Amino acid sequence: EINLEAVSLPVAWYDFDTLNPNTVHHEKPLKLTLILIHIVGLAAFVGQCAYHYLDTIKETTVMAKDVDGVSGWSCKTLVPDPIYSLNMSYNECVNEHYVKPTVENLVRYGLFGPLVFSGFDGGQPEDSYDGPWNMSTGLRWSINTMTLYHKPFPNLSDVVYTYPSTCIVPFYAGYEKTEKFNPEDGYTSPLEMPLSEAYKRGYDFFNGYGFIGLGNKEPEFDDTCNVNQPWNCGKYVTFHPSSETDYVAQCNGTISEEEQADLFANGTYAFPHVFAQELKWSAPANAQPYVEEGKGDYFVVYKPKTVGITPLYPKTTTLESVTNTASPRTATTFFGKERCNFYEKQIAVEAFEYIFSWPNCHPCSIFKQNSPFFCERDVQKTWLNIFALSISNTLFVMGIMITWAPLLLRVFLGKYG
């Protein structure tokens, strides 16, 4: 009979050719080998636990909301955005592709002169001079009115800045905190109002202005202009640029000390020039004064809700110039006043930055709304998962060692007996 009490080693290490089996090798080296195998197994188990604890697995999902950068998620849009036709995440937009507006990169087109109109009837009377300086609605707007545009992604798209439907810029900064504020009220919006005008102007490329420009400070209300009569507030709503810029020096005296003081005290006018239809517009490099000299050929793509900025001059200068019927209206001046390219572009830069500061108005904001999003992240394994993997792998290693130990002992220490 078989003495089972003597079987103290793995069964595979016994020779069952006889009724009283002997170990396949000397018992002492076999026991030492078994101890070594258990030590190696323990080390393998600990090592496996550490490895699987530090190792991560990839979790993927499709979401309706962009959570890129939140809780370790990395997300990409599955379809191009509806404005710029680009496929990127919000973080990629901000960190890699977006180019902020500067005096150097703004694109200028148009002039303040009298030859800026076209229409379904072939033209306008010579003394008609509609423009944002009229601070009214229902007029005839021209695509050729001097406007500065911004290409947020100049290396990827020729589409100029276009605001999404969720972008709301209020009547003036602070108006959004009043009980009169209604985000659906386009009549008091410096972006939605010119958009409505643009829809009415199909005969002139669907472009338009509103009766107010951008207002980054609360206007000084009176009996004429107040929140109940916003249609009278055109000349009251002004844009106040940073006082850190020396326009007198930058413009070589074209902006006087008095005009700069007026600018910092009373502001200027920055009118959004808005489009309601997609349009590809180009002009050759020699088409001055419509295009800026030295900037090459002009080519941009307008989309519905594209916004350019038409900056006027300091408040007092503007109101005096546009109401003076004797002011010469030439293609290279602003109602007879010598223009400053730096001034116009710097005002436009700050006007764009003001628009971008409002929720959902930044050029990259569209990529947060461009669902669905494919998201992935690295997640840590659960402890149950870690132990299960570690135990199974350790048992596999120990099984291999137990199987091969007798053979290796015979090879290196000789056969038993």
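I began with the aromatic rings. Phe112, Trp133, Tyr247, Phe264, Tyr313, Phe334, Phe335, Phe342 and Tyr343 belong to one aromatic cluster. I keep in mind that this model is predicted.

**Entry: counting pairs**

How many aromatic pairs does a search of the whole structure find? It finds 35. I picked out two of these pairs to look up in detail.

**Entry: Trp141 and Tyr209**

I looked up the geometry of this pair. The ring centres of Trp141 and Tyr209 are 5.6 Å apart, and the planes stand at 70 degrees. Planes over 60 degrees apart count as edge-to-face, so Trp141 and Tyr209 make an edge-to-face pair.

Is Trp141 buried or exposed? Its relative accessibility is 1%, and Trp141 therefore counts as buried. Tyr209 is buried too, with a relative accessible area of 0%. The cut-off I used for buried is under 20%.

**Entry: Tyr187 and Phe211**

I then checked accessibility. Tyr187 has 40% relative accessibility, so it counts as partly exposed. Phe211 has a relative accessible area of 2%, which means it is buried.

**Entry: a charge over a ring**

Which ring does the charged end of Lys368 sit over? I found it over the ring of Tyr90, 4.3 Å from the ring centre.

**Entry: the sheet**

I turned to the strands. Strands of a sheet pair through backbone hydrogen bonds, either parallel or antiparallel. I looked up an open sheet of three strands. Its order is β3-β14-β4, and the pairing is antiparallel. Which strands are at the edges? They are β3 (56-63) and β4 (74-77), each pairing on one side only. From one strand to the next, the twist averages 20 degrees.

Last, I looked at how β4 meets β14 (residues 373-380). Four bridges join these antiparallel strands. I also looked up Ser74, whose bridge partner in β14 is Glu376.

Technical notes. Residues are numbered from 1 along each chain as its sequence is written. This is a predicted model: local features need pLDDT of at least 70, side-chain atom pairs count only at pLDDT 80 or more; totals for chains, interfaces and linings use all residues. Side-chain values use heavy atoms; hydrogens and water are left out. Rings of Phe, Tyr and Trp (its six-membered ring) pair if their centres lie within 6.5 Å; planes under 30 degrees apart count as stacked, over 60 as edge-to-face and the rest as tilted. Buried means under 20% relative accessible area, exposed over 50%, partly exposed in between (1.4 Å probe, protein chains only). A charge sits over a ring if NZ of Lys or CZ of Arg is within 6 Å of the ring centre and within 35 degrees of the ring normal. Two strands pair if DSSP finds at least two bridges between them. Helices (H or I, at least four residues) and strands (E, at least two) are DSSP runs, numbered from the N terminus. Axes are lines fitted to C-alpha atoms, for helices over the stretch in contact, and angles run from 0 to 180 degrees between N-to-C directions.
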